[in-house]
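Keep the sequence and the 3D view at hand as you read.

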Amino acid sequence: MAAKKGVGWDGFKTGVFRTKQKAMVKLGKAEETIDVQFNAEKVRFEEQRKKLKSLMKATTSYQKSIREMSNYHAKMTQLIHDLYDQTCPLWNACIAQEKVSNDIDNLRNDLEELWFDDYFTPFSEHLMQYKILKERIVERERRRVDMDRYRGDTRKLLQSSDMAKQQKAQVARDKAEAMTKAYQAMNNELLHDIPVLMEDRFGFFDPLFATLVDGQVAYFEKCALAFRNLTPYFEGVDRKACHAWPRCITESEESAYTQGIYIPGHAPPKEIVEKDYRTVASVEMESVSQNSRGAGFVSGEGVEADGYGGGDYSAGGAAAGGAAAGYGMASGPQYGGPPAQGYPPQGAGVGRGGPGGARGSLPVPPGGRGGGGGG
């Protein structure tokens, strides 16, 4: 296995020995030095560090939201300005609001400069101490692992009857003593620094807290003052008038959009047929009955009729079948009449008629059958 870039061979071997030592501890085959006091301080340190980093992130997002609010206010101001012209009573209000928008953006810039100088910069420097201590905690852990490893090596060599190994035991003991001193120095330093840094946050953060509040007070108070300059323009405006304001476009029931389009020789749109077929059928049946005679009866599948009489249209099958089936023309093929036709095809009736082969044409819903009578 190749060594990591920037790490010498000795460093690589040391890393392998540390990994082996940690694995042996997990397997219960090696001893581990445990400092209960330090572990408790380390937990407190990590919790506090996460909270401070979250606070920094939240404040940054808050400042970003104020900037976005200012940008959207400028965009909204321009769009409102575009709605009016110079003939409108509130035209001067639009001009005044543009100035307010510029003032608010300048106030936002002042707030960001204040917070950068007196909040974010010192806060970042304070957080750097947490980063430094975190690096020292990692170094303490390396020293602890090496100390335990050297101690374990010393015990194993001393237990051996081999003279050569016993001579190496002295070297291992010297390493263990040196690493023990280094570990204890780092451990004692952290046991001092971590609690001190934790307590230091109170005095340090007081001015940051005050700056955070002062900046918001100044920003929002001045923003409110800028907006108050607009209120005289709206003294005569009824704020509730918009709720009862009447529509100015053509009502739906009177609009050409909802009216059917009837083209001669073509069936009306399906939705119009389905909506109005009963009314249209009843009117045309009345008209047809003036020129012909017929009779019909209703069946389970639609309307079927036998018709007889004279004239151009049969009242029987065509009229009654049309009312139940569709726009259709039915004829009597049994007596020389042409085949049934329809608009749509399901509207065509199956008719029995007289020699004249009369045809009937009426609007009907899909699915029925119409029969044509003879003339």
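This is a predicted model: local features need pLDDT of at least 70, side-chain atom pairs count only at pLDDT 80 or more; totals for chains, interfaces and linings use all residues.

Of the chain's 375 residues, 34% count as buried.

Next, the overall layout. The chain holds 6 helices and 5 strands, and reading from the N terminus the elements run α-α-α-α-α-β-β-α-β-β-β. Among contacts with a separation of 6 or more, 66% come from residues 24 or more positions apart.

Now turn to helix α2, which covers residues 36–83. Its 48 residues reach 70 Å from the first C-alpha to the last, close to the 70 Å expected at 1.5 Å a residue. Look at the start of α2 as well: there a side-chain oxygen of aspartate 35 comes to within 3.1 Å of the backbone nitrogen of glutamine 37.

The largest nonpolar core has 31 residues, and the members that touch the most others are Phe45, Tyr119, Phe123, Leu190, Ile194 and Tyr219. Helices α2, α3 (91–159) and α4 (163–228) each supply at least two residues of this core, with α3 giving the most, 13 residues.

Which residues does tyrosine 219 contact, leaving aside its neighbours within four places in sequence? They are Ile66, Met69, Ile104, Leu107, Arg108 and Leu111.

Notes
Residues are numbered from 1 along each chain as its sequence is written. Side-chain values use heavy atoms; hydrogens and water are left out. Helices (H or I, at least four residues) and strands (E, at least two) are DSSP runs, numbered from the N terminus. The expected span of a helix is 1.5 Å times one less than its number of residues. A polar contact is a pair of N or O atoms within 3.5 Å; within protein, one must be able to donate a hydrogen and the other to accept it, and residues adjacent in sequence count only if both atoms are side-chain atoms. A nonpolar core is a set of buried Ala, Val, Leu, Ile, Met, Phe, Trp, Tyr and Cys residues joined through side-chain atoms within 4.5 Å. Buried means under 20% relative accessible area, exposed over 50%, partly exposed in between (1.4 Å probe, protein chains only). Contact means heavy atoms within 4.5 Å.
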